[in-house]
Structure formats: structure tokens, C-alpha cells
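Hi,

Here is the structure I promised to pass on to you. Please have a look at it first, and then read my notes below.

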Amino acid sequence: MPAFFHNPVATCFGSGSLDQICTLSENHNVALVTFPEARGLGLIDRVQALLGERLVYIVEDVQPNPDVAHLRSTYERFWVEAEHCQTVIALGGGSAIDTAKALIVGTESGQFDELLGLLALGKPFTPARSKALIAAPTTAGTGSEVTPWATIWDSAAQKKYSLHLECTWPKAAIVDPELMLTVPAGVTVSTGLDALSHALEAIWNVNANPLSDTFAVSAIEDILDCLPQLQRDLGNRDLRARMALAALKAGMAFSNTKTALAHSISYEMTLRHGVPHGIACSFSLPLVLGLAWGRDSARDCTLQRIFGPDLDQASTRLRAFLHNLGVMTDFADYGVDADEAQAMIAHALRGARGKNFIGASAA
Ligand SMILES: NC(=O)c1ccc[n+]([C@@H]2O[C@H](COP(=O)([O-])OP(=O)(O)OC[C@H]3O[C@@H](n4cnc5c(N)ncnc54)[C@H](O)[C@@H]3O)[C@@H](O)[C@H]2O)c1
């Protein structure tokens with residue numbers, strides 16, 4: 001079968017690349033969507049200095065895991081007060097980028113619940129209006145800068161929605177590793193593991209192909225080598241740059257395959273047990289590796305390029321890698337007993353992402 005790869009995001013990578021927001025935002029009025037620490041870190045001043053009067057609106061109270069409870073008022077204010085902006089710059093982790101993706105799609109009524117109602121019913125949504133998005137990640141993890149998906153949480157209803165439209169592909173991504181130097185150790189590890197899980201999930205995936213594999217294998221090799229070093233040396237610019245590139249490559253890989261079983265498991269771990277996203281989607285990787293191995297010879301070949309020919313050694317290596325980073329790999333470590341774990345895996349296999357897993361049809 002011919003391989004097909006599509007990613008429309010103009011991507012700028014490298015130290016100091018944040019300066020490119022001037023050119024990339026053309027002559028547009030800009031709204032900035034960013035995380036609460038950004039002002040104290042001098043990032044808002046920096047964007048203001050670059051854009052001058054073109055920066056006309058700022059959302060700076062983005063919370064981790066954008067939740068409908070908070071998003072609703074932000075969205076409705078945005079469509080009244082920032083109507084005249086043509087471009088939105090998301091400067092932050094996945095939470096800021098996904099918040100911006102939700103903001104740029106305007107409903108006819110300007111009400112958020114019009115969009116939420118359609119997402120909840122799984123019905124198509126055609127935005128009445130939209131804005132261009134430039135995504136500048138400040139964490140090395142989600143890859144949201146090169147994907148069209150936005151994860152929207154509804155913790156009160158114990159649900160998670162995925163928004164995905166043609167216009168939620170960012171117009172441009174600016175991946176500047178200098179922006180990641182201030183990420184604390186815990187977030188550095190959990191976001192780095194999110195990237196690892198994107199890359200592995202792109203391999204044990206029914207949508208994988210040699211092009212997505214190329215990005216995925218390269219990302220995994222970098223992360224296995226680099227993340228433990230970075231955990232011990234957070235101010236190291238070379239390591240930050242390598243992790244930024246690895247997360248970008250992982251994002252490119254799963255932008256074409258979507259995620260699979262480990263992510264499907266993660267949603268309940270986050271909603272029911274409060275496990276942070278990066279840990280929730282990586283603690284089960286050794287388990288899912290075992291379920292993937294032997295299902296498909298082409299997928300085995302790709303996994304063996306990274307881990308060698310022996311499954312036991314591969315699982316042991318992956319488990320030890322996670323343990324060394326302080327991440328436990330059993331459900332029980334997170335307060336989930338064996339029965340609940342089995343039920344969770346079965347449920348995850350039936351979910352939209354679970355069905356992308358190469359072992360889903362046999363399960
Ligand atoms: N759209 C996608 O394809 C995709 C993929 C994976 C995850 N996600 C979503 O992304 C969200 C998680 O994103 P994340 O892991 O990047 O974390 P995040 O954006 O929630 O940020 C984590 C914490 O780090 C802080 N922070 C961010 N950058 C910082 C910096 N440079 N210096 C200091 N502190 C900083 C934030 O304020 C926050 O408190 C979740 O909602 C998850 O579901 C989306």
C-alpha cells in the first residue's frame with residue numbers, strides 16, 4: 001500500500017524562533033492565549049515588544065487540562081471582546097494550545113454550549129467564523145502545535161471531548177526550546193513521557209506507515225537517551241533542544257496516525273484517579289508493548305529497530321526507564337485494583353483511540 005502523509009503546519013524550529021511571530025502573524029491584530037506564569041516569566045512583555053499595538057487581547061488564566069467549566073466564560077468573552085483579531089497566538093503547553101483551538105472556532109450564537117452540545121453528541125460542527133492559529137509550545141510534550149486536535153475536559157461529567165476541524169490545524173508552529181527552560185522537573189518528565197507515548201502509539205497503530213514510523217522511531221531514540229539526563233540537568237540548553245525536537249517529531253508521527261490504547265486508558269486514569277496526562281498515558285506503555293508485540297510483523301520490525309528482537313528485554317528496558325524517572329508502571333500503584341484495571345482496558349479497547357491499536361480487533 002502506498003504511504004500517505006499530510007501535515008499542513010508551517011513549522012519553525014530553533015532557539016530564538018519566537019521572534020518569528022511578527023512575520024508569521026502578517027499584519028493581523030493578535031490575541032494571545034497563555035498560561036498564568038507567563039507574565040512573571042516575562043513572556044507577555046516579550047510578545048508585546050515584538051507585536052506592539054497589534055497585540056490587542058490577552059487570555060492569561062489558562063488552567064491545566066482545559067475544562068468546559070472554565071472555558072465557557074473565556075470563550076464567550078473572547079467572541080465579544082476579541083472579535084476584531086484575525087490571528088490567535090497560543091504560547092504555552094498543550095492546555096494553552098488546546099484552549100486556543102477551542103476559542104478560534106466561532107459558533108453562530110457566540111455561545112460555547114452550541115459547540116459543546118455538538119461535541120457531546122459526536123455531531124459535525126461547522127464554525128460560523130474562525131481565526132488563524134499560531135502555536136508556540138512552552139512544554140516539550142503534547143505535539144498539539146502540529147496536530148488538529150484539542151482535548152476538552154468536562155470533569156464534572158467525567159468526560160473528555162476531542163475537537164477536530166480543518167481550521168484547528170495551526171497555520172504555523174514555532175518551537176523555541178528557550179521557552180522550555182523554566183519548565184519544572186515534574187512537568188518536564190510528564191510532558192516528555194507524553195511525547196514518548198505519542199511516538200510509541202504511532203507505531204502500534206493501524207494507521208502507521210513508513211513515514212510516521214520515521215518520525216516515531218527517531219523521537220523514541222532521542223527521548224530514551226535524553227529525558228533522564230534532562231531530569232537531572234533542567235537548565236541544559238542542548239538537552240532542552242533535543243527534547244523539543246523529539247516532542248515535535250512525535251507530534252508529526254501521531255498527527256497522521258492518532259493515538260491508541262495507552263491514551264484510551266489514560267482518559268479514565270485522569271478523570272477518575274486524577275493522574276496527570278503525561279503519566280496517565282505512559283505508565284501503561286510496558287503493558288501495551290506486550291499486547292502489541294507479535295500482532296503484526298511490520299509493526300514488530302519497527303519496534304525491534306528500537307528495542308531489539310526480545311520482548312522480555314524490551315519490556316524490562318521500558319519499565320526500568322519509567323521507574324528511573326520515578327514513574328510507577330502498575331495500575332495498583334495508582335490505587336486501581338485488578339478488576340477495575342481489566343474493565344478499564346476492555347473499555348479503552350472499545351474507545352475511538354483504542355480501536356487504532358493493532359491488537360484491538362483480536363481483543
Ligand atoms: N491536542 C493534542 O494533540 C494533545 C496531545 C496531548 C495532550 N493534550 C492536552 O494537553 C494538556 C496538557 O498539556 P501539557 O502537558 O503541555 O501541560 P500544561 O499546558 O497543562 O502545562 C502544565 C503546567 O506547566 C506550566 N507551564 C507550561 N509551560 C511552562 C514554562 N515554560 N515554564 C513554567 N511553567 C510552565 C503550566 O502553567 C501548567 O501549570 C492536557 O489537557 C492534554 O489533554 C493535547
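Predicted model: local features only at pLDDT ≥ 70, side-chain atom pairs only at ≥ 80, totals over all residues.

The shell around the ligand holds 31 residues, of which Phe-35, Pro-64, Gly-93, Gly-94 and Ser-95 come nearest. H4 supplies the largest share, with four residues. Sorted by class, the shell has 17 polar residues, eleven nonpolar ones and three charged ones.

The UniProt record, an unreviewed entry, places "domain: Alcohol dehydrogenase iron-type/glycerol dehydrogenase GldA" at residues 8-177. In the model, that span is 28% helix and 27% strand, and its end C-alpha atoms lie 22 Å apart. The UniProt record, again as an unreviewed entry, lists "domain: Fe-containing alcohol dehydrogenase-like C-terminal" for residues 188-351. Here the chain is 75% helix and 0% strand, with 28 Å between the end C-alpha atoms.

I then looked at how some of the helices pack, and H7 (residues 210-232) kept coming up. I will take its partners in turn.

H6 and H7: the axes are 9 Å apart and the packing angle is about 155 degrees. Angles over 145 degrees count as roughly antiparallel, so that is how H6 and H7 run relative to each other. H6 passes H7 in a left-handed crossing. On the H6 side, the contact is made by Ala-185, Thr-188, Val-189, Gly-192, Ala-195, Leu-196, Ala-199, Leu-200, Ala-202 and Ile-203, while H7 brings residues including Ala-216, Ile-220, Ile-223 and Leu-227. The contact of H6 with H7 divides into 14 nonpolar residues, four polar and one charged.

H7 and H8: helix H8 (residues 237-257) packs on H7 at about 150 degrees, and the axes are 8 Å apart. H7 and H8 are therefore roughly antiparallel as well, and their crossing is left-handed. Among the residues that meet are Phe-215, Ala-219, Asp-222, Cys-226 and Leu-230 in H7, and Leu-239, Arg-242, Met-243, Ala-246, Lys-249 and Ala-253 in H8. By class, this contact has 14 nonpolar, five polar and four charged residues.

H7 and H12: what is the arrangement of H7 and H12, parallel or antiparallel? The axes of H7 and helix H12 (residues 297-307) come within 10 Å and cross at roughly 25 degrees. Angles under 35 degrees count as roughly parallel, so H7 and H12 are roughly parallel to each other. H7 passes H12 in a right-handed crossing. Asp-213, Val-217, Ile-220 and Glu-221 in H7 meet Thr-302, Arg-305 and Ile-306 in H12. This contact of H7 with H12 is made up of three nonpolar, one polar and three charged residues.

Best wishes

Technical notes:
Residues numbered from 1 in each chain as written. Near = placed C-beta within 6 Å. Helix = DSSP H or I, 4+ residues; strand = E, 2+ residues; numbered from the N terminus. Nonpolar A, V, L, I, M, F, W, Y, C, P; charged D, E, K, R; others polar. Axes fitted to C-alpha atoms, helices over the stretch in contact; angles between N-to-C directions. Parallel < 35°, antiparallel > 145°, perpendicular 65-115°, else oblique. Left-handed = near helix turned anticlockwise from the far one by under 90°. Contact = placed C-beta atoms within 7 Å. UniProt positions renumbered as here; feature names shortened; annotations may be inferred.
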